[in-house]
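Hi,

Here is the structure I promised to pass on.

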Amino acid sequence: EGEALEALESATHLLSTMSPFADFSKDPVLVLHGKEVLQRCTNLQWAGYLSTTSVYGDHSGAWVDEESETRVTDRDPSAMARLAAEGEWLALAPHIPVHVFRLAGIYGPFRSALDTARRTPPPP
């Protein structure tokens, strides 16, 4: 834990790919390290958070985009937790610029962006 925060102290950009834990219902990075990120990471110029398109909820087959209303219901606690985590990350915005990326189809075993990168061979 301490080593990770020490490494972050020199970081200029931070991308959080961690989903809210089911029993945590909050973003673990911010819950465990949010204050430290702001206090200790003085070089931080930007933060990003990988969320999901499930926060848009049911739009009955209509197109959605970044301006669409979020329609999360309590029937989808995972989407509710993601939407809450987006708000927590965006609350850092007065201190640093924050961008939320809403990705589609990122869940399931071995389906994260990092897993895909590991499986992708380097260019020749």
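Predicted model: local features only at pLDDT ≥ 70, side-chain atom pairs only at ≥ 80, totals over all residues.

Residues are numbered from 1 along each chain as its sequence is written, and side-chain values use heavy atoms, leaving out hydrogens and water.

Helices (H or I, at least four residues) and strands (E, at least two) are DSSP runs, numbered from the N terminus. Start with strand E2 (residues 46-52): six of its seven residues are buried, meaning under 20% relative accessible area, with exposed over 50% and partly exposed in between (1.4 Å probe, protein chains only). Strands pair if DSSP finds at least two bridges between them. E2 pairs in the parallel sense with strand E1 (residues 13-16) over four bridges, and six bridges join E2 to strand E3 (residues 98-103), also parallel.

Now the rings: there are two aromatic pairs. Rings of Phe, Tyr and Trp (its six-membered ring) pair if their centres lie within 6.5 Å; planes under 30 degrees apart are stacked, over 60 edge-to-face, the rest tilted. Tryptophan 46 and phenylalanine 101 are edge-to-face, at 6.2 Å and 65°. Tryptophan 46 is partly exposed at 25%, and phenylalanine 101 is partly exposed at 31%. Tyrosine 49 and tryptophan 89 are stacked, because their centres are 6.0 Å apart and their planes at 20°. Tyrosine 49 is buried at 0%, and tryptophan 89 is buried at 0% too.

Cheers
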